[in-house]
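Please read them with the sequence and the model open.

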Amino acid sequence: MSHHLLEFKDVRFRYPDGTEALKGITFLITHGESVGIVGANGAGKSTLLLHMNGHLLPTSGAVTVGEVPLLKETRPEIRRKVGVVFQNPDDQLFMPTVFDDVAFGPLNLGLPPDRVRERVHEALRQVGALALSDKPPHHLSGGEKSAVAIATVIAMEPDILVMDEPAASLDPKSRRSVIGLLNSFHHSKIVASHDLDLILDVCARCLVIRDGAIVADGRAAEILSDATLLAENNLELPLTLQGRPAREGPRR
Amino acid sequence: MSFEAAYSGLGRLDRLSYRDTVVHRLDPRAKVVATMLFAVAVVSFPRYEVLSLLPLFLFPVLIAALGDIPAGFIAKKVVAVSPFAVFIGMFNPLFDSAAVAIAPGVSVSAGWISFASILVKFALTISAALLLIATTSFPGICRGLRRLGLPALFVSQLLFLYRYLFVLIEEAMRVVRARDMRSFGNRGAGMRVFVRIVGTLFLRTVERAERIYGAMLARGFRGEIPSMRRETLRPSDAVFMLAAGGFFVLCRLVPVPQTIGRLLGGLAG
């Protein structure tokens, strides 16, 4: 299905202060792919994600979602296709109750109240947060906030799901349930994270970004087991691949 | 009162509003309208009126009792903001010194009476406003105001105020804690550090606002926050509004304590 394509063609972006954050990014993500984006702090991951739904527009080059080129005028349409879950759930959840927050997107899409209610119900069920429906976001725990933040985006039924650090600052159990959740989606998925184990569990493909350019693009299992490549990018082997005996204790 | 105590007081007010009692179940609009009528009735009393105002205390007392709101908690909040009213009225006794007899053989300056009137009016309106917030969820009040015709932009501002008040306070609390941890004795050099903390919080708030706006745009925001709740006024809401309104008018037009006094006097005589 061609409408689930996401294509970047030689995308460059310069911030108003002159910093060149993206220096010619080219890739194609096809239907149903799950792609991890990794790289050091400041490598350009966040800037890249902000281009995917037109929050930023490329200084030069082209972004295409399905058959729609990303332009100022096509942004509403692009935003319907690409759902972005931002890193901090407190920024994502701005309505007074969980229900209102999940309903915000579908209502803006102009759906009738019955359909909105169905979608909210379905999205909250998928993330296991139905019981939280009437709670105000500031009474939720961190894990609950993350789950609801994901629900707010899947309620809009986007073709492509983009996530920035979906499991940052979650306890291991909540992190595990977010991973399970991500694996249950059959959307195209794009996940930027420093949590390489999460990428390994969720993504089949992986892009490595350094200084605003792609330095590696391939199977996640291969890239994430390449210790030299990872070290060059301020990363290290995922813990599951480090093969460290449990009783070894701190290494020196 | 320390910062953290003030925060937990606010949180308590918020949690009270999620209870489920007769008062909580009333439509927000009915409660907003009744509270507004109450405020108008209270401030419409002439400035030397004290005695006739007293029956109006029945309204907040009833709401607190039926809404299962601890009266002491509300009273404490009223006292906490009372300096405003005290400052407004404190010069009345000095400037308005005409003598008035309040009981046979006892007379005070008229200023004292108007000062007392200001304090009573203040206690009445503030307790009613606090009880409105304690018995109605804040989003409910906002929906009610919107349905009563308040502009959408204004209502969105109120909703965001409510949503991010807690986030901002927690952020401020973390910064203050970080300061206290590293300042010994003289509380982190006082004013200068404080000013910087406020500056930092402001910058963080601006950045957060940008991220929130981005998240809103990502979900199709086009200027108005949509709501799909369609509450209808039930007979109980109408009864509540009419009863409350009728009571206020009665108190305003008939000097209730004096009438009761005369009736009792009539019975005795």
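Predicted model: local features only at pLDDT ≥ 70, side-chain atom pairs only at ≥ 80, totals over all residues.

1. Overall form of chain A. The secondary structure of chain A consists of 10 helices and 10 strands. Its C-alpha trace spans about 55 × 50 × 35 Å along the principal axes. Chain A has a radius of gyration of 19 Å, which agrees with the value near 18 Å that a compact globule of 252 residues would have. Of those 252 residues, 47% count as buried. Among the contacts in chain A with a separation of 6 or more, 65% are between residues 24 or more positions apart.

2. The six-strand sheet of chain A. Which order do the strands of this open sheet take? The order is E6-E7-E8-E3-E9-E10 in chain A, and the pairing is mixed. Strand E6 (82–85) and strand E10 (213–219) of chain A are at the edges; each has a single partner strand, so one side of each is left without a neighbour in the sheet. From one strand to the next, the twist averages 15°.

3. E6(A) pairs with strand E7 (residues 160–164) of chain A in the parallel sense, over four bridges. One pair to look up is A:Val82, whose bridge partner in E7(A) is A:Ile160.

4. The four-strand sheet of chain A. A further open sheet has the order E2-E1-E4-E5 in chain A, with antiparallel pairing. Strand E2 (20–29) and strand E5 (68–69) of chain A stand at its edges with a single partner strand each, so one side of each has no neighbour in the sheet. Within this sheet, strand E1 (residues 6–14) and strand E4 (residues 60–65) of chain A run antiparallel and are joined by five bridges. A:Lys9 has A:Ala62 as its bridge partner in E4(A).

5. A loop residue in chain A. Where does A:Ser141 lie? A:Ser141 is in the loop between helix H5 (113–126) and helix H6 (142–154) of chain A. Is A:Ser141 buried or exposed? A:Ser141 is exposed, because 12 other C-beta atoms lie within 10 Å, and a residue with 12 or fewer counts as exposed. The C-alpha atoms of A:Ser141 and A:Leu170 are separated by 9.6 Å, although these residues are 29 residues apart along the chain.

6. Contact between the chains. How many residues does the contact take from each chain? There are 21 residues from chain B and 24 residues from chain A. On the side of chain B that touches chain A, the elements giving two or more residues are helix H8 (138–147), helix H9 (152–182) and helix H10 (191–218) of chain B. H10(B) provides the largest share of that side, seven residues. By class, that side of chain B has 14 nonpolar, two polar and five charged residues.

7. Domains of chain B. The domain assignment divides chain B into domain 1 (3–148 + 234–248) and domain 2 (152–218). Taken over C-alpha atoms, the centres of domain 1 and domain 2 of chain B are separated by 31 Å. Their contact takes eight residues from domain 1 of chain B and eight residues from domain 2 of chain B. On the side of domain 1 that touches domain 2, helix H1 (3–16) and H8 of chain B each supply at least two residues. H8(B) gives the most to that side, with five residues. The residues of that side divide into six nonpolar, no polar and two charged.

8. A hairpin in chain B. Strand E1 (residues 99–103) and strand E2 (residues 106–109) of chain B pair in the antiparallel sense over four bridges. B:Ala99 has B:Ser109 as its bridge partner in E2(B). The hairpin has two residues between the strands, and B:Gly105 takes a positive phi near 90° there. Of the five residues of E1(B), the number buried is zero, so this strand lies largely in the open.

Note on methods: Residues numbered from 1 in each chain as written. Chains lettered and ligands numbered in written order. Pairing = 2+ DSSP bridges. Axes fitted to C-alpha atoms, helices over the stretch in contact; angles between N-to-C directions. Contact = placed C-beta atoms within 7 Å. Nonpolar A, V, L, I, M, F, W, Y, C, P; charged D, E, K, R; others polar. Domains from an automatic or database assignment. Buried ≥ 20, exposed ≤ 12 C-beta atoms within 10 Å, placed from the backbone. Rg over C-alpha atoms; globule rule 2.2 N^0.38 Å.
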